[in-house]
Amino acid sequence: MRLTKRGDEPTGAETPKDAGNAPAPQKNSNASVMRYLVILFAVAFVLIIFSFVMHQRSNAEVMSQLQSQVDTIERLQKVEGDYETLKEQSTELQTSVDSLTEQYNAADKESSALTLLWKLEKLYDAKQYDECKNVIAALQTDDLYIALPDDDTDVDATAGEHTYETPLAAYKRIADTVANK
């Protein structure tokens with residue numbers, strides 16, 4: 001190999017051995033560029049794969065959160081359905097309670113009226129007419145006499161007559177008799 005100065009051109013006297021060495025640096029530089037490009041593509045490929053994996057992980061987290069929200073919404077809808085069912089049941093129960101309370105109050109009023117009528121009959125039988133007037137006044141104060149039963153259910157079918165005097169009829173008979181005394 002022959003050394004030349006810069007700017008000197010090779011002469012034709014050079015040997016073929018020297019001519020083969022000159023292009024070698026170009027092959028080495030081409031190989032270096034190729035290695036560099038392969039490394040760059042490999043790094044880019046690794047970055048793309050890393051980005052894809054991170055994106056998938058992020059999507060999985062978002063999907064998990066969305067599924068959690070869907071589950072929460074489904075539970076909420078179930079609770080709302082249960083609430084509506086319970087609300088309807090509560091309304092039905094409140095109606096039943098109101099009806100039973102009304103029946104209780106009517107039965108209590110009837111019981112009080114019957115108790116006062118019993119007391120009135122005892123006083124009437126004892127001929128204590130002033131006390132009878134007090135009991136009659138008590139029955140009329142809260143319209144308790146209206147609660148006295150007036151059933152015609154116990155009728156003797158053969159005679160067509162009542163077999164007993166109804167409480168309301170007994171009250172009216174005693175009240176009329178006491179009012180005339």
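The structure holds two aromatic pairs. Rings of Phe, Tyr and Trp (its six-membered ring) pair if their centres lie within 6.5 Å; planes under 30 degrees apart count as stacked, over 60 as edge-to-face and the rest as tilted. This is a predicted model: local features need pLDDT of at least 70, side-chain atom pairs count only at pLDDT 80 or more, and totals for chains, interfaces and linings use all residues. Residues are numbered from 1 along each chain as its sequence is written, and side-chain values use heavy atoms, with hydrogens and water left out.

Take the rings of Tyr124 and Tyr129. Their centres are 6.0 Å apart and their planes meet at 65°, so this pair is edge-to-face. Tyr129 counts as partly exposed, at 22% relative accessibility (buried is under 20% relative accessible area, exposed over 50%, partly exposed in between, with a 1.4 Å probe and protein chains only).

Tyr145 and Tyr171 form a stacked pair, 5.5 Å centre to centre with 20° between the planes. Tyr145 sits in the loop between helix H3 (129-141) and strand E1 (155-156), and Tyr171 in helix H4 (residues 167-179), so the pair ties together parts that are 26 residues apart in sequence. Helices (H or I, at least four residues) and strands (E, at least two) are DSSP runs, numbered from the N terminus. Tyr171 is buried, at 4% relative accessible area. Tyr145 is partly exposed, at 28%.

Now the surface. Val33, Met34, Tyr36, Leu37, Leu40 and Phe41 make a nonpolar patch of about 630 Å². Patch residues have over 30% relative accessible area and no salt bridge; like charges are joined within 9 Å, nonpolar side chains (Val, Leu, Ile, Met, Phe, Trp, Tyr) within 5 Å. A salt bridge is a side-chain nitrogen of Lys or Arg within 4 Å of a carboxyl oxygen of Asp or Glu. Tyr36 belongs to helix H2 (residues 24-125). Tyr36 is exposed, with a relative accessible area of 52%.

Methods
Accessible areas come from the Shrake-Rupley method with a 1.4 Å probe; for residues, only the protein chains shown count as cover.
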